[in-house]
Amino acid sequence: MRLHSKEDWEKIRTQGPKRYLLRYGVVGRGIPMGVVVALLIELWDPSGAMPDALLEPRFLGRLLLAVAVFTASGCISAWANWRVHERRFQEQG
């Protein structure tokens with residue numbers, strides 16, 4: 001979980017939850033983690049001949065699936081983090 005200070009949260013909050021999900025869920029977690037996991041799977045796959053395997057449909061399918069899964073989980077995590085900060089700073093006033 002990412003913890004923001006009250007001052008940082010005030011700036012982040014003005015940009016809205018959609019931008020927060022995009023920044024922390026999609027760009028911050030979904031795309032990078034999906035790419036890394038797809039590459040690691042391909043590296044450990046004995047049937048893949050790197051780097052040629054990176055252009056094959058099998059790898060592209062893995063890449064899309066990994067990015068989709070990590071983007072979805074990243075957005076869920078970012079949304080939960082947004083709600084935690086909303087409650088945290090709402091209670092403090």
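The dialogue below reads a predicted model feature by feature.

Student: What should I keep in mind about numbering and confidence before reading this model?

Tutor: Residues are numbered from 1 along each chain as its sequence is written, and side-chain values use heavy atoms, with hydrogens and water left out. Because this is a predicted model, local features need pLDDT of at least 70 and side-chain atom pairs count only at pLDDT 80 or more, while totals for chains, interfaces and linings use all residues. Here pLDDT is the predictor's confidence in each residue, from 0 to 100. The chain has a mean pLDDT of 91, and 97% of its residues reach 70 or more.

Student: Which elements make up the chain, and in what pattern do they follow one another?

Tutor: Helices (H or I, at least four residues) and strands (E, at least two) are DSSP runs, numbered from the N terminus. The chain has 3 helices and 0 strands, and along the sequence the pattern reads α-α-α. Among these elements the mean pLDDT is lowest in H3, at 93, and highest in H2, at 95.

Student: How does the radius of gyration of the chain stand against that of a compact globule?

Tutor: The radius of gyration is taken over C-alpha atoms, and the globule rule is 2.2 Å times the number of residues to the power 0.38. For 93 residues a compact globule would come out near 12 Å, whereas the chain has 17 Å. Along the principal axes, the C-alpha atoms of the chain fill a box of roughly 60 × 20 × 15 Å.

Student: What part of the chain is buried?

Tutor: A residue is buried when its relative accessible area is under 20%, exposed when over 50%, and partly exposed in between, with a 1.4 Å probe and protein chains only. By that reading, 28% of the 93 residues in the chain are buried.

Student: How do I read a pocket as against a cavity?

Tutor: On a 1 Å grid over the protein atoms alone, a cavity is a set of points where a 1.4 Å probe fits but cannot get out, and a pocket is an open set with protein on both sides within 12 Å along at least five of seven lines; lining residues have an atom within 4 Å of a point. Grid points are joined across faces, edges and corners, and a volume is the space filled by probe spheres set on the points. The largest pocket holds about 180 Å³ of space, and its lining includes Met1, Arg2, Tyr20, Tyr24 and Asn81. Helix H2 (17–44) and helix H3 (57–92) each supply at least two residues of that lining.

Student: What does the search for cavities find, and which residues line the largest cavity?

Tutor: Across the whole structure there is 1 cavity of 30 Å³ or more, and the largest cavity has a volume of about 30 Å³. Ile12, Gln15, Gly16, Arg19, Tyr20, Arg23 and Tyr24 form its lining. Helix H1 (6–15) and H2 are the elements that give two or more residues to this lining, and H2 gives the most, with 4 residues.

Student: How many aromatic pairs does the structure hold, and how is a pair classed?

Tutor: Rings of Phe, Tyr and Trp (its six-membered ring) pair if their centres lie within 6.5 Å; planes under 30 degrees apart count as stacked, over 60 as edge-to-face and the rest as tilted. The structure holds 4 aromatic pairs. The rings of tyrosine 20 and tyrosine 24 have centres 4.6 Å apart and planes at 50°, so this pair is tilted. Both tyrosines lie in helix H2, 4 residues apart, about one turn of the helix, and both tyrosine 20 and tyrosine 24 are buried. Trp9, Tyr20, Tyr24 and Trp82 form one aromatic cluster.
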